[in-house]
Amino acid sequence: MADFPAYVVITPARNEAQFIELTLNSMVAQTVKPLKWVIVSDGSTDGTDEIVSRYSAEYPWIDLMRMPERSERDFAGKVHAFNAGWALVKGLDYGAIVCMDGDISFEEGYFAFLLGELAKEDRLGLVGTRFWEGEATYDFRFSSVDHVSGACQVFRRACFEEIGGYVPLKSGGIDVTAVLSARAKGWLTRTFTEKSYVHHRKMGSAQYAGCRARFNTGHKDYLLGSHPVWEVFRCVYQMRRKPFVIGGALMMSAYFWDLLRGVERTMPQELIELRHRHQMGRLKGFFARVVHGRLQFD
């Protein structure tokens with residue numbers, strides 16, 4: 001236990017009554033428990049607060065914080081809720097800070113594993129694992145292990161404080177921005193594919209669904225600085241998934257419509273340049289594996 005850095009967890013939660021008890025039970029079962037877990041109810045109206053209150057009454061390391069209801073529905077609200085919880089733990093002596101959604105579940109040794117990886121490598125600033133949504137997960141022949149998905153990001157405290165925490169972007173992509181900011185500061189970021197968690201609500205479904213979600217994905221890819229060449233290949237790949245062809249086509253149309261109109265991007269220019277280098281490097285590596293016959297397709 002002594003080798004693990006102490007950690008705190010912050011969960012911005014808005015109307016998570018359907019799934020949050022799965023997250024609560026997963027945390028209660030952890031072999032290495034946090035110093036403090038602050039669940040910030042972001043104006044929930046569905047019984048989330050009552051569920052969390054039952055657990056906080058039994059486990060003193062779980063705190064419920066209530067934010068006022070808000071009419072705006074954007075991703076910046078998640079950051080504001082997170083920051084409210086972060087303020088409550090800043091005086092604690094911890095080495096790692098976790099931003100975790102309230103709709104995931106995981107095995108009892110999950111955080112012991114990730115904290116152990118942080119303890120092994122001082123340059124690691126941000127870690128996480130793969131996740132499953134039903135039977136779907138990222139295909140790591142194409143997805144990079146350098147990215148850490150936002151449903152559960154585990155930061156070394158020094159890294160998180162150096163990047164200044166999360167940026168409250170209304171359009172989303174706060175996890176991508178955090179990853180790129182960490183790498184721009186010289187930190188390593190890593191998804192460990194040998195472990196995983198279950199994401200019970202499909203990403204993006206809280207605001208959009210179906211074809212509209214795919215169109216929004218292309219719009220967000222543009223705002224977050226995805227390279228045009230990378231986006232073409234990404235959209236073609238997405239055409240293999242439901243809704244077949246049209247999903248990828250909607251992503252591509254949204255991206256290039258924004259590009260043609262010269263819509264201002266939300267990602268800082270230095271992070272856009274970093275993302276472009278990373279994406280084009282991955283494409284070169286992909287084609288090198290194809291040429292040498294080292295990439296197998298289903």
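Predicted model: local features only at pLDDT ≥ 70, side-chain atom pairs only at ≥ 80, totals over all residues.

Side chains of opposite charge can pair when their charged atoms come close. The structure contains twelve salt bridges. One of them joins the side chains of Asp63 and Lys36, with N and O 3.5 Å apart. Asp63 belongs to strand β3 (residues 62-67) and Lys36 to strand β2 (residues 36-42), so this pair ties together parts that are 27 residues apart in sequence. Asp63 is partly exposed, its relative accessible area being 30%, whereas Lys36, at 18%, is buried.

A further salt bridge links Lys78 with Asp101, whose closest N and O atoms are 2.9 Å apart. Lys78 is found in helix α3 (residues 76-89), while Asp101 sits in the loop between β4 (96-100) and β5 (104-105); the pair therefore ties together parts that are 23 residues apart in sequence. Lys78 is partly exposed, with a relative accessibility of 22%. Asp101 has a relative accessible area of 14% and counts as buried, because the cut-off for that class is under 20%.

The salt bridge between Asp258 and Arg261 brings their closest N and O atoms to 2.7 Å. Both residues lie in helix α9 (residues 246-261), three residues apart, which is about one turn of the helix. Asp258 is buried, with a relative accessible area of 2%, whereas Arg261 is partly exposed at 47%.

Salt bridges can also share partners: in this way Glu16, Asp103 and Arg201 are joined into one network.

Note on methods:
Residues numbered from 1 in each chain as written. Heavy atoms only, no water. Salt bridge = Lys/Arg side-chain N within 4 Å of Asp/Glu carboxyl O. Helix = DSSP H or I, 4+ residues; strand = E, 2+ residues; numbered from the N terminus. Buried < 20%, exposed > 50% of the residue type's maximum accessible area, 1.4 Å probe, protein only.
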